[in-house]
Amino acid sequence: MTRLLLLPALLLPLLFTQPAAAQGSLNMLCAPAADWCEAIANAFQRATGVRVAMARKSTGEILAQVRAEAANPRTDVWFGGSAEAHFTAAEQNLLQPYASPNMAQLHPWAQRVHAQSQGRCVGVSSGAIAIVYNTEVMARRHLAVPHSWAELLNPAFRGEIQLPNPNSSGTAYTIIAGLVQLWDEDRAFDYLKRLHANTNAYTRSGAAPVQAVARGETALSVSFNMETTSLAQQGFPIAMTYPSEGTSYEVACLSIMRGARNLAQARRFVDWYLTPAAMDLGLAANQYHVPAHPGARADPRIPDMRQIRLIDYDIAAYGDSQRRRHLLERWDREIGSQPR
Amino acid sequence: MSGADLRLEGIGKRYGQVAAVRPLDLVVPGGALVTLLGPSGCGKTTLLRLVAGLEQPDQGRILLGGRDVTTLSAGERDVSMVFQSYALFPHLTVLDNVGYGLVSRGVKRAEARRRAEATLETVGLAGYGARLPAELSGGQQQRVAVARALVLEPEVLLFDEPLSNLDTRLRRTMREEIRALQQRLGLTVLYVTHDQAEAMAVSDLVVVMHNAGIAQSGTPRQLYEQPDSVFVASFMGDANPVRAEVASVAGGQAQVRLGGLMLTLPARGCGPGQADLVIRPEAIRRVATGGLPARVRRASYMGSHAEYVLESDFGPLLAVVPGYAALHPAGSMVAFDIDTAGAVLMAQGKGEER
Amino acid sequence: MALTSPPTSSLANPLASPLASPLAFWLLAALGALLLPWHAQQDGLTLAGLAAPLAEDADADASAALGQALRHGRFWFWPVLLALLPALAGALPWLPRPSRARLLLAGGGLGLLAIAAQGLAIGVQGWNWPWLATLFGEMDDRQFGLGLGGTLATLGFLVLLTDALALRGLFRGDRFIAGSVGLLALLILVFTAWPIGRLLSEMLAPRDALGPWAALAERLLDRKLFSLACVTQPVGCGVVWNTLLLAACSATAATLLGLAFALIASRTALPGKRALRLLTVLPIITPPFVIGLGLILLFGRAGLVNQAADALFGWQLGRWIYGFDGVFLAQVFAFTPTAFLVLIGVVEGVSPAMEEASQVLRASRMRTFTAVSLPLMLPGIANAWLVGFIESLTDFGNPIVLGGSFGVLSTEIFFAVVGAQQEFGRAAVLAALMLVVALGAFAIQRRVVARRSYVSLTGKGDTGLPATLPPAVRRAAYAVALPWAGLTLVVYAMALAGAFVKVWGRDWTPTLDHFRRAFALEWAPDGGLLFTGGAWHSLGTTLLLAGIAAPITAALGMLAAWLITRQQFRGRTALEFALMLTFAVPGTVMGVAYILTFNVPPLELTGTAVVLVACFVFRNLPVGVRSGVAAMSQLDRSLDEAAVTLRASTFRALRTVVLPLLKPAIVTALVYAFVRAMTTVSAVIFLVSAEYEMATVFIINRVINGDYGLAIAYSAVLILLMLAAIGLIQLAVGRRHLGRRATPPAVGRA
């Protein structure tokens with residue numbers, strides 16, 4: 001009995017003893033799919049001997065956490081998640097600038113993010129918004145595949161489209177901000193209002209609609225292309241088209257925390273990741289983001305961004321928190337509160 | 001071990017608005033057994049717990065052998081207690097129960113066992129050490145509880161209604177054993193009970209408590225024969241309180257008029273006028289001629305004696321008559337007078353003002 | 001009889017532990033203030049770090065308070081150091097008792113005040129309050145959170161203070177009791193009252209151009225909270241109404257089902273009804289998403305039921321499972337066992353004698369049931385309902401998995417913090433609303449329980465046979481309960497089967513791949529073992545932290561229960577209420593409160609394991625306290641009094657008499673604390689970090705990404721581990737042995 005109560009006393013020291021790692025350790029928060037995050041952590045650990053402690057969290061959770069830890073950061077690097085979120089963190093002085101020697105070889109869009117953020121984050125991958133559909137459900141319902149934003153308003157799709165809720169999902173915000181930049185604010189909201197009639201749910205998570213399409217829970221969604229490809233590779237009857245009017249895209253970033261305790265390892269990680277070999281890990285983990293390094297292995301499943309009609313998306317302007325709040329409040333007022 | 005006086009000076013305890021013990025003084029002389037007697041709720045157990053250190057007094061001092069122990073915790077006082085429920089530790093053997101206090105005090109385990117066994121022998125339980133309390137009879141558990149308290153050789157031993165869980169017969173045996181043990185070892189004992197017969201059988205001194213204070217204290221005989229109040233009289237055995245009139249007082253003797261009788265009783269401070277008269281049941285004697293008239297309301301045959309409830313001019317009276325007298329049936333008329341040895345006069349209302 | 005001289009005081013007892021003197025705690029405080037590094041060190045506890053303050057040229061932040069005050073001009077440590085002087089005079093045994101009490105009171109009190117004041121006044125950016133800057137001038141310094149030195153000094157001063165109170169005769173003059181009360185009060189203040197107060201204060205955080213009160217009003221009057229539009233239009237109602245409606249519905253359904261099961265278990269002769277009891281254990285050790293996943297795999301649009309309906313009849317059952325209906329269903333599955341556990345006691349507590357009396361008075365079986373049995377059970381039923389209500393209110397796992405676009409308070413709080421708006425103020429308002437509702441339900445529940453005086457537990461089990469149910473009631477109970485029991489089994493089977501097929505609903509190939517991905521092992525080139533499976537890290541952390549938190553929870557719970565039931569002291573009722581309070585604090589609220597409170601000095605705990613352990617301990621403490629109080633009230637109070645009059649110190653009495661008799665309650669508390677630490681998600685989701693990740697958070701991330709196979713595989717492993725742990729705990733604590741009789745007699749009575 002008494003021995004049992006001593007158990008915590010015996011276990012407590014474990015909390016303070018780090019496993020010996022000659023090369024030090026690295027604390028990483030990681031936003032993309034967990035398999036990929038793990039593959040990255042394991043590969044870096046194998047390549048360098050640095051012990052990696054990694055937690056996979058959604059972008060919103062990571063941002064909340066790094067903000068909470070601002071006074072005393074426990075995180076060293078933040079991998080993945082949209083550039084807007086990294087910019088928000090940069091705005092609040094949570095990130096530390098670093099220019100990796102390997103950066104010069106990257107695609108221009110990856111380097112542009114670095115410049116826009118005053119060196120605080122670097123683009124690692126990119127993906128575009130697509131219209132995603134379940135091939136079986138579409139066939140069974142005899143629905144025509146939509147190829148544009150306009151075609152999504154087809155009354156035949158009533159109750160068959162699932163969208164994320166921008167209050168909680170960064171993906172949803174990217175979609176809406178893209179429409180606002182494609183047309184203008186009023187027209188975009190007018191479009192969303194009409195789309196509302198076909199929408200069956202606004203999910204909390206940005207990844208949920210594409211999952212629902214894959215499992216046939218809904219016929220259509222608006223989601224990222226790389227997520228769609230992953231699910232198609234797993235055998236789900238899922239396919240996508242890019243809206244002919246033009247579509248939004250995101251650049252996923254990698255950044256180092258201001259006050260990181262393992263700064264050397266964090267820099268080593270950034271240098272390591274900006275090489276083709278590291279970027280190829282995504283493919284092995286069934287992830288089809290467009291890598292930031294042109295030298296990374298080409299694959300037919302990775303979309304060629306040049307073939308997609310992209311909106312000239314202003315990450316810096318639409319990452320601004322004032323504008324964000326304005327758009328969200330308008331969405332709440334005009335869309336979120338509509339009857340369904 | 002004997003000799004330590006227990007002295008309470010102005011000890012009082014309140015629970016919120018309710019006084020559990022009104023400030024009082026009490027002395028338990030070394031080697032004496034003093035009983036706190038009273039109805040439930042009169043504060044006797046609280047007083048005992050104050051002595052044990054299980055409660056803190058609001059005022060006053062507790063002196064043990066001349067040492068002030070008021071602010072000491074229970075474990076720091078040289079006092080042991082036998083609980084009403086015995087409070088034997090159910091998961092420990094009898095021997096471990098008895099040795100518990102010794103080990104607590106730092107005695108080596110082997111030595112503690114030796115002394116515990118010796119004490120068990122004192123209470124007549126040699127050989128029972130390996131059992132668990134649940135495997136003993138009620139009387140045996142009681143002895144273990146006594147042994148457990150005794151083994152510490154405390155300056156004062158406290159008993160909290162130790163016999164209330166036993167049947168009538170065993171209670172009689174056990175109280176004799178406790179008294180014998182106390183006298184043999186010269187223990188200073190404070191003993192709580194609500195049983196008057198038990199109190200009279202074991203005590204050197206009895207303290208009758210009433211309404212959180214001391215009603216009267218004295219030897220059993222003093223209390224029975226010289227009660228200060230109707231309450232004490234009624235609590236120490238059966239009593240018939242009646243109103244009487246003191247006709248005159250001279251030389252400490254009062255002439256008391258009760259109906260047609262004139263009794264001569266010690267005045268005990270009473271002046272002429274109304275007074276309370278307490279008549280013991282055995283002092284009511286049937287007389288063939290004269291005396292006071294009464295009707296028998298109920299008659300009970302009790303073997304060694306007969307009990308009557310009489311309807312008199314002063315209300316119902318309980319009378320006890322040795323059993324070999326002929327039984328008077330209910331409804332018959334009798335005449336009685338009063339044996340002045342069994343009647344006590346007291347000023348009216350005394351002891352009721354509390 | 002031989003005389004041994006009585007000990008003059010327990011302070012002089014040679015065998016008493018060295019802790020028996022205030023001096024030991026003075027030394028502790030002095031060690032903390034003079035020698036050890038006062039602040040938390042970046043690289044945790046290391047030997048080099050501990051020795052750092054001894055160096056001549058120690059860095060300010062690595063120094064002890066003495067060094068910081070002497071060498072680095074940090075004058076705010078002088079009061080802390082000065083407090084040691086009177087405390088030393090009081091701790092030494094030479095002065096008379098009243099003087100020692102005064103000195104200790106001054107030293108301990110000043111020490112604690114000084115530590116709290118300097119900790120709160122100086123933060124990350126110097127002075128925390130502007131008026132201090134005007135008073136002392138601007139500060140270009142900062143300070144980190146309390147470290148080992150600060151913690152030890154705080155503890156030392158606390159005990160010196162409580163020692164002073166004990167010396168003055170408070171707490172019956174018992175140092176152990178005084179110290180325990182002081183420690184518990186400090187812990188509750190720091191880990192419950194402060195975080196919740198801190199969170200609530202966030203409601204007033206100014207927003208944009210709005211002042212505090214205008215911001216509060218705007219947040220409170222948000223249409224999204226209280227809109228009643230759904231009554232007239234097909235739109236969603238305010239989240240407050242959603243939550244209340246869901247909680248009321250779930251509680252009602254779970255209570256009715258629980259009652260049906262309880263009646264069947266105690267008053268019918270249904271064969272195999274013992275198996276029902278097994279069903280009640282399952283949900284307790286189930287990670288929170290398993291039921292939701294089972295429901296999706298069964299009733300989702302691609303689930304078995306829908307596919308069958310489509311294939312056989314061409315019916316489209318739609319996606320009703322996402323939203324109110326699905327969350328409701330999942331909650332009923334999850335909470336029915338709890339309702340059963342509450343109600344079985346109630347149903348069995350109705351004395352058969354009363355039912356027999358009713359029958360002897362010529363009442364029919366139906367009338368006996370409706371006029372006697374049911375009214376007697378009513379307070380218990382109300383209690384079960386309220387427990388279900390609070391559970392539903394605080395539930396996070398089910399709404400997040402099945403809610404779709406249907407939001408309740410617990411998920412709204414989550415999204416207010418992590419969502420695109422990232423507004424703590426809104427989270428605080430939501431949390432306050434939730435707290436108000438939960439506390440209201442909690443207060444009502446306590447009153448209901450307090451008044452259920454006529455559940456006739458006589459302690460005599462043999463007062464007659466319970467009346468059998470009237471046939472109509474029995475049939476109704478069977479009709480409700482048996483299909484439900486079947487459905488529960490199916491949902492669990494579904495959920496667990498999902499771990500063994502490739503992709504549920506598409507590819508039914510049996511596989512162990514999900515387990516392999518979670519728990520793979522690899523040999524590193526240098527021969528070491530690499531835990532490459534994704535789940536190893538979080539599993540290890542979860543087991544370690546749950547293993548640390550459970551005994552602490554049980555120990556604090558028993559100590560608190562003992563203080564509440566056995567000791568009389570001022571503020572006892574307040575302490576009891578504060579202890580029970582966290583039961584009504586939803587996990588999401590607790591998590592947000594912790595992250596807000598403990599990410600800045602003086603207690604910088606976020607990202608460490610300490611904050612997770614503290615969260616587990618204080619969230620589960622009420623259950624530990626309750627089981628302790630329940631067990632303690634069956635223990636004769638004179639048992640520990642007897643031990644104390646037998647010269648046992650209060651601590652020894654607790655250890656040798658009370659604890660061995662409380663073993664069943666200790667097992668309950670340990671198991672509950674361990675299991676809850678393993679399965680809780682709502683509180684920890686904000687508190688996990690890269691270093692300390694919890695299993696449930698790992699699982700929910702997989703669920704959100706649709707990786708159900710891995711999530712379920714991990715859950716299955718967790719369930720097995722918890723079963724093993726429960727067995728181990730029972731083995732380690734052991735049984736209490738009270739005699740050779742089959743049923744132990746009423747403890748302590750003849």
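Let's start with a helix pair in chain C. Helix H8, residues 175-201, packs against helix H25, residues 587-597, at an angle of about 90°. Their axes lie 8 Å apart. That angle makes H8(C) roughly perpendicular to H25(C). Keep in mind that this is a predicted model.

Which residues in H8(C) meet H25(C)? They are Trp194(C), Pro195(C), Ile196(C), Arg198(C) and Leu199(C). On the H25(C) side we have Val589(C), Val592(C), Ala593(C), Tyr594(C), Leu596(C) and Thr597(C). By class, the contact of H8(C) with H25(C) has nine nonpolar residues, one polar and one charged.

Now to how the chains meet. Two pairs of chains touch, and chains A and C have the most contacts of those pairs. Chains A and B do not touch. The nearest C-alpha atoms of chains A and B are 14 Å apart.

Next, chain A on its own. Domain 1 takes residues 18-126 plus 250-303. Domain 2 takes 127-249 plus 319-336. Domain 1 of chain A gives 17 residues to it, and domain 2 of chain A gives 13. Which elements supply the domain 1 side? Helix H4 (59-68), helix H5 (83-91) and strand S5 (121-134) of chain A each supply at least two residues. H5(A) has the largest share, with four residues. By class, that side of domain 1 of chain A has five nonpolar, nine polar and three charged residues. As for spacing, the C-alpha centres of the two domains of chain A lie 27 Å apart.

On to chain B, and its sheets. A reminder first: strands of a sheet pair through backbone hydrogen bonds, either parallel or antiparallel.

One open sheet in chain B has four strands, in the order S2-S1-S4-S5. The pairing is antiparallel. Strand S2 (18-28) and strand S5 (67-68) of chain B stand at the edges. Each has a single partner strand, so one side of each is left without a neighbour in the sheet. Look at S1 of chain B, residues 6-15. Seven bridges join S1(B) to S2(B), and the two run antiparallel. Where does Tyr15(B) find its bridge partner in S2(B)? At Val18(B).

Another open sheet in chain B has five strands, ordered S15-S19-S16-S17-S18. Its pairing is antiparallel too. The edge strands here are S15 (284-286) and S18 (315-322) of chain B, and each pairs on one side only. From one strand to the next, the twist averages 45°. Within this sheet, eight bridges join strand S17, residues 305-312, to S18 of chain B. S17(B) and S18(B) run antiparallel. Ala306(B) has Val321(B) in S18(B) as its bridge partner.

Last stop: strand S20 of chain B, residues 343-347. Is S20(B) largely enclosed or open? Four of its five residues are buried, so S20(B) is largely enclosed by the rest of the structure. Its antiparallel partner is strand S14 of chain B, residues 273-279, and five bridges join the two. One pair to look at is Val278(B), whose bridge partner in S20(B) is Val344(B).

Conventions: Residues are numbered from 1 along each chain as its sequence is written. Chains are lettered from A and ligands numbered from 1 in the order in which they are written. This is a predicted model: local features need pLDDT of at least 70, side-chain atom pairs count only at pLDDT 80 or more; totals for chains, interfaces and linings use all residues. A residue is buried if 20 or more other C-beta atoms lie within 10 Å of its own, exposed if 12 or fewer, and partly exposed in between; C-beta atoms are placed from the backbone. Two strands pair if DSSP finds at least two bridges between them. Domain bounds come from an automatic or database domain assignment. Two residues are in contact if their C-beta atoms, placed from the backbone, lie within 7 Å. Ala, Val, Leu, Ile, Met, Phe, Trp, Tyr, Cys and Pro count as nonpolar, Asp, Glu, Lys and Arg as charged, and the others, Gly among them, as polar. Axes are lines fitted to C-alpha atoms, for helices over the stretch in contact, and angles run from 0 to 180 degrees between N-to-C directions. Angles under 35 degrees count as roughly parallel, over 145 as roughly antiparallel, 65 to 115 as roughly perpendicular and the rest as oblique.
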